[in-house]
Amino acid sequence: MTILAYWGYYYYDATYLLVILGAILTMVASAGVNGTFRRYSRVRSTTGMTGAETARRILDRNGLYDVKVEHIRGNLTDHYDPRTKVVRLSDATYSATSVAAVGVAAHECGHAMQDSEGYEPLRLRSKMAPAANFGSRFGLPIFILGLLFGSNQVLMQIGIWVFLLAVLFQLVTLPVEFDASRRAMGFLTGYGVLSETEAEGSRKVLRAAAMTYVAAAAASILNLLRLILMARSRDRD
């Protein structure tokens, strides 16, 4: 079989349906979080607190005075950086007063609290990050090399195990994100940022955001399953 034939086999065999399914799940989840955020970004909180003010109140109430709150460009690029101890809030969050914005800000503060407390899943995710990045970048290329070089089972198995690192990272991410959202909802109502009624909007935004991580994990698992099925198929051939 020629190299082009092997390349075509990798991209167009029947197991490609698993990749398509994973892509659909990811797109649906992404559309869901964007739509939900847009909907609740139009609902202003009665306190009028911005995302930045909300983050500062939560951090100060928990004694995290050393954690900074900064603005970062982009849409939903919000994140907490444990290396520099900074909560970074995007254009749609930093100065916005919507229930969506304060919900996202509180979620990132949830990660800051996890870091402060030494939350084990977060620590594990941080330790796994370099290996996961390696797995996501090189797992598939190594597997494809195995296909190109006469269905070399050694290379294909190495590719599978390397890609597994990225899958495990996605799975470890799930409890980290769900826990941060749980903390966020407690912050918002407990610290007087939102009423119980308003908090429902924030809850829906965070739930939709969590589904993007679930979809990403599912897509990674489906890709891993595809590699395993392909390796077994070539081994029988």
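Q: Why is L17 called exposed?
A: Exposed means over 50% relative accessible area, buried under 20%, and partly exposed in between, with a 1.4 Å probe and protein chains only; L17 has a relative accessible area of 60% and is therefore exposed. L17 lies in helix α2 (residues 16-40), where helices (H or I, at least four residues) and strands (E, at least two) are DSSP runs, numbered from the N terminus.

Q: What kind of model is this, and how are residues numbered?
A: This is a predicted model, in which local features need pLDDT of at least 70 and side-chain atom pairs count only at pLDDT 80 or more, while totals for chains, interfaces and linings use all residues. Residues are numbered from 1 along each chain as its sequence is written, and side-chain values use heavy atoms, with hydrogens and water left out.

Q: What is the average pLDDT of the protein chain?
A: With pLDDT being the predictor's confidence in each residue, from 0 to 100, the protein chain averages 91, and 93% of the residues score at least 70. Over residues 1-11, however, pLDDT stays under 50.

Q: What makes E70 and R88 a salt bridge?
A: A salt bridge is a side-chain nitrogen of Lys or Arg within 4 Å of a carboxyl oxygen of Asp or Glu, and the closest N and O atoms of E70 and R88 are 3.6 Å apart. The pair links distant parts of the chain, with E70 in strand β1 and R88 in strand β3, 18 residues apart.

Q: Why are E70 and R88 placed in their accessibility classes?
A: E70 has a relative accessible area of 31% and is therefore partly exposed, whereas R88, at 18% relative accessibility, counts as buried.

Q: What makes R183 and E117 a salt bridge?
A: Their closest N and O atoms are 3.0 Å apart, and the pair links distant parts of the chain, R183 in helix α7 and E117 in helix α5 (residues 99-117), 66 residues apart. R183 has a relative accessible area of 13% and is therefore buried, whereas E117, with 47%, is partly exposed.

Notes. Contact = heavy atoms within 4.5 Å.
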